[in-house]
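Me: I want to learn how to read an interface between two chains. Please take me through one.

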There are 4 protein chains.
Amino acid sequence: MLDHYISVRKQTENFCSPLSIEDYTPQVALHASPMKWQLGHTTWFFETFILKKYVEEYQEFDAQFSYLFNSYYNNVGDRIARNNRGVLTRPSVKEVYAYRTHVDQHILSLFQNEQPKELLDLLEIGINHEEQHQELMVTDLKLLFFSHPFKTTYKENGSLLEDKVHYFNEWVDIDEGIYEIGYKGDQFSYDNEQGKHKVYLHNYSIAKDLVCNEDFMAFIEDGGYQRFDLWLDEGWSWVQENQVNAPLYWEKKNEEWYQFTLGGMKKVNPKAILSHINFYEAEAFARWKGMRLPTEFEWEVAAEKFEWGKRWEWTNSAYLPYPGFKTADGALGEYNGKFMINTMVLRGSSVATSPNHSRKTYRNFFHPHYRWQYAGIRLAKSL
Amino acid sequence: MLDHYISVRKQTENFCSPLSIEDYTPQVALHASPMKWQLGHTTWFFETFILKKYVEEYQEFDAQFSYLFNSYYNNVGDRIARNNRGVLTRPSVKEVYAYRTHVDQHILSLFQNEQPKELLDLLEIGINHEEQHQELMVTDLKLLFFSHPFKTTYKENGSLLEDKVHYFNEWVDIDEGIYEIGYKGDQFSYDNEQGKHKVYLHNYSIAKDLVCNEDFMAFIEDGGYQRFDLWLDEGWSWVQENQVNAPLYWEKKNEEWYQFTLGGMKKVNPKAILSHINFYEAEAFARWKGMRLPTEFEWEVAAEKFEWGKRWEWTNSAYLPYPGFKTADGALGEYNGKFMINTMVLRGSSVATSPNHSRKTYRNFFHPHYRWQYAGIRLAKSL
Amino acid sequence: MLDHYISVRKQTENFCSPLSIEDYTPQVALHASPMKWQLGHTTWFFETFILKKYVEEYQEFDAQFSYLFNSYYNNVGDRIARNNRGVLTRPSVKEVYAYRTHVDQHILSLFQNEQPKELLDLLEIGINHEEQHQELMVTDLKLLFFSHPFKTTYKENGSLLEDKVHYFNEWVDIDEGIYEIGYKGDQFSYDNEQGKHKVYLHNYSIAKDLVCNEDFMAFIEDGGYQRFDLWLDEGWSWVQENQVNAPLYWEKKNEEWYQFTLGGMKKVNPKAILSHINFYEAEAFARWKGMRLPTEFEWEVAAEKFEWGKRWEWTNSAYLPYPGFKTADGALGEYNGKFMINTMVLRGSSVATSPNHSRKTYRNFFHPHYRWQYAGIRLAKSL
Amino acid sequence: MLDHYISVRKQTENFCSPLSIEDYTPQVALHASPMKWQLGHTTWFFETFILKKYVEEYQEFDAQFSYLFNSYYNNVGDRIARNNRGVLTRPSVKEVYAYRTHVDQHILSLFQNEQPKELLDLLEIGINHEEQHQELMVTDLKLLFFSHPFKTTYKENGSLLEDKVHYFNEWVDIDEGIYEIGYKGDQFSYDNEQGKHKVYLHNYSIAKDLVCNEDFMAFIEDGGYQRFDLWLDEGWSWVQENQVNAPLYWEKKNEEWYQFTLGGMKKVNPKAILSHINFYEAEAFARWKGMRLPTEFEWEVAAEKFEWGKRWEWTNSAYLPYPGFKTADGALGEYNGKFMINTMVLRGSSVATSPNHSRKTYRNFFHPHYRWQYAGIRLAKSL
């Protein structure tokens, strides 16, 4: 696991290598944190939950960092307001990298000797936590660069959207019956996906392919963003208040659709998989098709019969506890459970997800109006 | 059904009989409509969906009323903004009653002759719609009167909270297995509760009694509103931003709890059933007890084994479509389906619910922060 | 003075005589109070500053009214929030009229005997205060009725804007020199206009006529609302944020301008005097003309040489204390002085001003963005 | 003048020399711009108004910079929203310095040859403009560093507040009469201070010393921030909404007052001059003393009889045009005139003002609620 630790830590820093010092600090939205903050926060996680608890006489790198780099753990004490992460002129980027090195050295030193399972578990959750932030760094940076009046480019070939899609319009039929849901292996998993249990599903059919850009263009051309009857009430309010007429990052020039990518503005490939839509748009599109989104259970049951892993896929399931759900003790109990309201489940993983950080029981969740993730649509229908 | 129509219409007006003219107009919150508006809106419903469609050469009472009294039906055209219902100085209360009489006369005349099922169905939905508004009129008026600096009294003996409770702390155990959910009789029901289907439930236990006031006082005294670990993240934000320390309408004077009722301020009866808490509070209370809220399915399956009908009961189920859910065609399709996001299901009915307007499959739903309904808590636990 | 008291009190009630009970309660903007509140507040003024202080064993009509009807006098204690005056379902309109009668009887009884000057002064200020509110009742009611989706009419011939104007384009030239400013007679005046003092004025010219509607139409047609160079920076922001393209109450239909009046929608008379513009619009119009607004001192010095009294006239003077300004002691010291920031002075009086409630030294003042008064433009230029 | 140009440009960069790259980008308030933006904006001013207009075939450094670095000149075209200056990750700090060098070289080359007065005037206004921004850079950086949870220090000995004050409580009496106001020399001055004209002043007395910290501590201890009678109405609202109880940057620890400075937190020296109060506080303090603030005319007339130059001094004059005020043509006409509403005049200059950038006719102006300037109080009284 130490190799995994080293490679994940390295990978975070690799992602930042094209950045200028100036790119690390600004915060462009409440839900999108600065790169410098994320570099510090992922490090703080290891320091707080492992080093400060298990290394005798551990000297923390800087006593003030706990205030700066705590995200939302009330158990760990006061912290900077979430919308204030952009004023962190100090510590410097250099100091944050020094912080990373300091913590890495202590972690490596600690785990060179055999450690009890409890500690290995904490290391593993820290690694997974950093993998989650790797994905957020991609999506948060994209949003920041898009917000610049001239749309900064991350790197020339940085786009993650150049995928081809083989679109066969094939469907998988699943029979009515009792199915088992939830994680029960001995690899890493989060508390929110544990608690293997049974659900009863009725006959349904689910698409093998994700919706591609030309499908969504047809929705737009058919007046999808102007027809109230296709939208949930809050979705329709969102469309009107924000005057939405396309997915995030899309812009029309001379009758052609372009989209902002980490490699700059690119023409939208009609055959590539749709991305950067929110739940409202996914749900409206499905209704326009006369279909619906799958539930997270329908998705999990069928997941072995289709390819996934390029887009987070919105389901029509609210993020709620499984039967018998138990939050972990202490600060780590704040990891998942306390967000189980007003959010919807996404299944799968995306092109921005770290390698190996996906499994078919993984439950991602966001408020229905967020679009900055690489999220797409898989259609379903009742039979 | 005509008798039902007459009695429901009469009951709405009876509720208003203690009001002064001045009480009918103000709007005190986005979600609480003026009495005058509700008197007009329930009437508009019959005029719009029955009289204007099925009565030849029907002369509408006032062509402008459709703009004023449409609630949220995009299909029916433009309408007054929801937060603007309080500027309706005109029509006068008298005119609105004349509008009611006018529509009543035409409805009675129309239905004196036998009518096709389609029309009877519309009449029935209109009656049920008015019954729903009867409950809202109670709760909206209570909120308005509470907002007055000196807390207006509706009528001396108007309190609906003077119930006694026999608290036995008994529990019902339900065995794991497949259960059927949803309405399938031939009485009236809404589209959102139809689509009878199967769910798989695991062993659970559910309380026969609702939580009473002294239970919740213990939560308060134990610092329930100060302990972040008991709350969902959004619930904790809600507590802090609004500096909440008690249920809505509660006030402490000289170490005693009082609550605002339609009969004025009354001492809180510790043995009476708790009311006017929101989902966040219900969920936090259950966690404090080491238990949880039931899902709406657990509630429905067990509902024959306990008494219910005094409080709407928060469940831990998000309001989402049943398998095979279909919205009705046209405007009435906007009745339920478009609200299936970011709301939680309440089951049962309350002391403010119209007689007969309840059944065990009925799905009520509100945003988790609302407290102005007569909502309470029934505890559950996994076995 | 008792006759004056009686006639002013009567006049307030006369203005309300066409109103329905429903018209008295709603509040449509922070700065526009309900009629019922104003009926009560003007009465509270006499009760608070005269009856409760000078009548032994005076029984106040209702102890709660001081909280409800205090406008902004911190000296007098807590009060209802200004934006909350629209929830006052109670007292009823009838009770408020009974309150007026009660206070009137005590005032009449008190002043039937000779009283010291101090008391007569208080009576006089109360009368003037009520006259001020008479004007606000006109303008606040107009705004309320305009806010109704169908624009309620006060009474058929209620428009105050049907004035003719003889437009001669004549100018008054005033010579450079020292002039005396401020009130120094023995009639009633406010503290803010007292403190007679000298100002030095440079040569200027001031228009004998007010700007009329066709002048302002020319400004509109010349793109006045689209040309940033004509506006103060905050004025330009105001235009853009509110998408303003005409004076308040104006609407264009079929290439004709109409305006809302207390007598309903009427065609705009091009030869009548412009009204319902704010300081930003007045200042931009003057700049467009290559001229400017007069200062309040230029206005006062020239006031005997032109007709005034139909519109409040925006000046380019900020509302600030005269040399030697002293606020009155106690609560009445809060009448004027504490508003001497961020407001501009208007001189003259308007068609909505009570008879006799005007003099050439009178200083009215409003924030520069308000448009609901009958305010107009008189041009000036330096020579 | 070229020497002046060189030294001012150099001075701007000297101020930035202690900064890290990370310090240049964040924006902490709408009215406080990032250092990088100010470095670019002052350079853009010379490029836009001189090089692009007067140098044939001038190649602008970067065509996008006009959008990024235009502050509020509508004449010059579209620009970035003022609250969005903090997302400018690019250009890098290095590029902005290169931009400065590029423009400096062209300016130096242009002015090595003799140029017409028109061009010299533009150069002079550009130099004065940069001097103004030098002061803003000091105050904006201070606000940014204060906003950091741990209050970044600019440099150890960076405090500008360590001044001593000789407090003699002496007063200057000025006789009633006509005085001349406004600039009329042949050095540089802004359009807003030109137009020499006469004002009539009444007898008054003005303090030779500025109010010092211990004076203001006495105001605080006497409940100054709790007594509504001392405040303008909007000032009192500001106090309550922001729960103000001390000047900006002050904090009380263990019964001692400390203040944030560019050199870190320092004990407040009771004998040093008060700073960082706004107009509301200045006006309330003066009222508490039974005195008042001087008008800007009283200040200017007496200015030769007292020392000034350490604090901007709030006057009780609104910022309005002098008689005969004319705005310059073109974009530079937007420099001053369009802000003549809702702002108050400050006279003098401060410890943060650039050397030579002060004269007794200089009119600075800010909204009455701003506190981030080094502004203080000089008392006056009518005789």
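**The A–D interface**

Reply: Chain A and chain D bury about 2200 Å² between them, 65% of it on carbon and sulfur atoms. Buried area is the accessible area (1.4 Å probe) that two parts lose on being put together, summed over both. E22(A), R90(A) and F150(A) supply 30% of the area that chain A buries against chain D, more than any other three residues. This is a predicted model: local features need pLDDT of at least 70, side-chain atom pairs count only at pLDDT 80 or more, and totals for chains, interfaces and linings use all residues. Residues are numbered from 1 along each chain as its sequence is written, chains are lettered from A in the order in which they are written, and side-chain values use heavy atoms, without hydrogens and water.

Me: How many residues of chain A are in contact with chain D?

Reply: Contact means heavy atoms within 4.5 Å. Here 29 residues of chain A meet 29 residues of chain D.

Me: How many salt bridges does the rule find across the interface of chain A and chain D?

Reply: The rule asks for a side-chain nitrogen of Lys or Arg within 4 Å of a carboxyl oxygen of Asp or Glu. It finds two across this interface. D23(A) forms a salt bridge with R90(D), the closest N and O atoms being 2.4 Å apart.
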